[in-house]
Amino acid sequence: AEYMGSGICAIRSEPVWLGGLFTPEAYITATRQCVAQANDWSLEELELGATISDSDGSDLRMDHSSFAISGLKLIGADCRSNTIRLSAVMETSLPLTQFKWERRKGDQSQEQDRSVTLVTLPVYLNHTRDTLLFTLDLETAGEGSGKNHSFYERGVAIITTGGQSS
């Protein structure tokens, strides 16, 4: 398709700092539309996944459904090997993160088995947590992980901009 060489699809390999955008939710919507159009899928069939790099992003496999995101901060947890764990550290700067739009699978039983170790985290614009942008499902491990996790009780979240609220 001709449109793949221009617009949002052309910058997919360039890391984008969501917190620096005027309307970061519009960027997420545009990436979803780009992937849906390129693959002839409906928007409702797509779900957003995330892979957090352990380094500079060289370990990420970027493809036509992926977008590089920089500058995210994880509040109340840390991340190793794309798995989050509760932490006493207040804020962890995340290395390059890959957002990938994937087509939803029709098999619900497989999804239920997988969801035992997942937690759905809110992604906020900033530390005030006034503006919820979207949510991400991430793998958990360690204390408090799994079905009866305490990530929500601890207020674990992802923030797109730096700086502490006053």
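The model is predicted, so local features need pLDDT of at least 70 and side-chain atom pairs count only at pLDDT 80 or more, while totals for chains, interfaces and linings use all residues. Residues are numbered from 1 along each chain as its sequence is written, and side-chain values use heavy atoms, leaving out hydrogens and water.

**The sheet and its helix**

Let's start with the open sheet of 4 strands, which runs in the order β1-β3-β6-β2 with mixed pairing. Here β1 (16-17) and β2 (46-52) each have a single partner strand, so one side of each edge strand lacks a neighbour in the sheet. Strands are DSSP runs (E, at least two residues), as are helices (H or I, at least four), numbered from the N terminus; two strands pair if DSSP finds at least two bridges between them. Strands β3 (residues 66-70) and β6 (residues 97-103) are antiparallel partners over 4 bridges, with S66 opposite K100 in β6. Helix α1 (residues 24-39) packs on this sheet, touching β1, β2, β3 and β6, and its direction makes about 45° with that of β6. Contact means heavy atoms within 4.5 Å; axes are lines fitted to C-alpha atoms, for helices over the stretch in contact, with angles from 0 to 180 degrees between N-to-C directions.

Most residues other than glycine have a negative phi. S81 and R129 are listed below with their positive values.
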